[in-house]
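Me: Got a model open here. Can you walk me through the packing and the ligand site?

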Amino acid sequence: MLEDWLTTEGQPAYRARQISDAVWRQNARTVEDLRTLPAPLRARLDESFRLDTIAQDEIQIADGGLTEKILHLLFDGALIESVLMHYPARGFVGPGRAIHRERHTLCISSQAGCAVGCPFCATGELGFGRDLETAEIVDQVRHAARRLAATGSRLTNIVFMGMGEPLLNLERVLEAVAILSDPRLFALGARHVVVSTSGVVPGIRRLTALGSQFTLAVSLHAARDPLRDVLVPLNRRWPVAEVVAAARDHARITGRRVSYEYVMISGVNDTDIDAAALATLLRGDLAHVNLIPMNPVAHTPWAASSPERVAQFAAMVRRGGVGVTVRANRGQDAGAACGQLAADRAGEPPAPAVARRRDEIVRQSEAALRGNRSSDGLPAGLEAAVRTGGAR
Ligand code: SAH
Ligand code: SF4
């Protein structure tokens, strides 16, 4: 398309390559940055194209500079978030010693808001805004790459663990990953990309069929259906057994290990029974569990499990034969739970609404903890999102 435009402008074909290099290698943000082009062509480009879909950024620093939380304002007023996490190099080279190279991981959003509505998640509470365009997904990465380049560093990993359910915006997520892993464009190997899903089974099966090289992460949070119905409402459509069966097939066919995310919520999903159920569910699979203490969010009555409880739970799962890692929570001092910056911007909901929501969450989870499955179907908004997201 750019080539066609250049032809109608009477420009030589090599201009497309110059523009592509400036955009992808030098990370140009505006047409002004396309220094290799003659000024009249820059002016014409400026009239016809925009190199950036993000209107404004607001950055909050946490963890003594190791975490940067970015709120991006898009041109239609939508707010999304990305989080850049720096992991310094660890270890020394030497016999029998592992060296962990410096890593820079970016967590990006695939949608503005989310229709799934997990009650411990700030994004879920915001509700669904809209799908992001491919360029809006890619531009979060370009912004981070630009900041890193200023300090002589490069982005090493990308995780789709920001706002939104990537498998309900699958076409654009796939397009974005294709651009990011194209050696002529962003040139980050697909193996350095993690796509996290709350369990959209047709989406997982599609990824398997495509033979995608990126890592699949499944947000499990409970191994028992009654509880998962509440913690991840999508479970009422695709229950635990179906999600795990799809993930297992994915691991078998692609040979790639699946990660399971498990947010630890005190007194809700962290009991011995839950640990045993989790180990039984995943034993023998090409799988690994990440335990993440819940980040506090305003509207829920819940809190993170204590570090002791997390350690006990991890030990039980490990003894049960499943690999497990306890993840540190990054950026708590910058409201780092997914969607929190945007939620803060949306303003505090009135106190009675918060109280009603908390009561509802307690009622639902109490029934679930007694082992009763919710008879509710998907909420109407989620039903619509599943349909338009192309996952039936
Ligand atoms: N929608 C997708 C991807 C984005 S959410 C999914 O759910 O997998 C990315 C991760 O952040 C999920 O594992 C989610 O459970 C986790 N998360 C959401 N709210 C959190 C909170 N309050 N504390 C800790 N982790 C949270
Ligand atoms: Fe959506 Fe993921 Fe948050 Fe659940 S945890 S509401 S699926 S963004």
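Me: Start with helices α10 and α11. What angle do they pack at, and how far apart are their axes?
Reply: This is a predicted model. In it, α10 (residues 272-282) and α11 (residues 307-319) pack at about 35 degrees. Their axes are 8 Å apart.

Me: Left-handed or right-handed crossing?
Reply: The crossing of α10 and α11 is right-handed.

Me: Which residues make the contact?
Reply: From α10, D272, A275, A276, L278 and A279. From α11, F313, M316 and V317.

Me: And by class?
Reply: The contact of α10 with α11 has 7 nonpolar residues and 1 charged, with no polar ones.

Me: Switching to the core. How many residues are in the largest nonpolar one?
Reply: The largest nonpolar core has 90 residues. F120, M264 and V289 have the most contacts inside it.

Me: Take V289. What does it touch, leaving out residues up to four places away in sequence?
Reply: V289 touches Y260, Y262, L278, L282, V317, V322, G323 and V324. Among these, L278 also belongs to the α10 side of the helix contact, and V317 to the α11 side.

Me: What about a second core?
Reply: There is a separate one of 5 residues. I19, V31, L45 and L51 are among them.

Me: Now ligand 1. Which residues are closest?
Reply: C121, M161, S219, E261 and N295. In total, 17 residues surround ligand 1.

Me: Which elements give two or more residues to that shell?
Reply: Strands β8 (193-197) and β10 (258-264).

Me: How does the shell split by class?
Reply: Around ligand 1 there are 10 nonpolar, 5 polar and 2 charged residues.

Notes:
Residues are numbered from 1 along each chain as its sequence is written. Chains are lettered from A and ligands numbered from 1 in the order in which they are written. This is a predicted model: local features need pLDDT of at least 70, side-chain atom pairs count only at pLDDT 80 or more; totals for chains, interfaces and linings use all residues. A nonpolar core is a set of buried Ala, Val, Leu, Ile, Met, Phe, Trp, Tyr and Cys residues joined through C-beta atoms within 7 Å. A residue is buried if 20 or more other C-beta atoms lie within 10 Å of its own, exposed if 12 or fewer, and partly exposed in between; C-beta atoms are placed from the backbone. Two residues are in contact if their C-beta atoms, placed from the backbone, lie within 7 Å. A residue is near a molecule or strand if its C-beta atom, placed from the backbone, lies within 6 Å of it. Helices (H or I, at least four residues) and strands (E, at least two) are DSSP runs, numbered from the N terminus. Ala, Val, Leu, Ile, Met, Phe, Trp, Tyr, Cys and Pro count as nonpolar, Asp, Glu, Lys and Arg as charged, and the others, Gly among them, as polar. Axes are lines fitted to C-alpha atoms, for helices over the stretch in contact, and angles run from 0 to 180 degrees between N-to-C directions. A crossing is left-handed if the near helix is turned anticlockwise from the far one by less than a right angle, and right-handed if clockwise.
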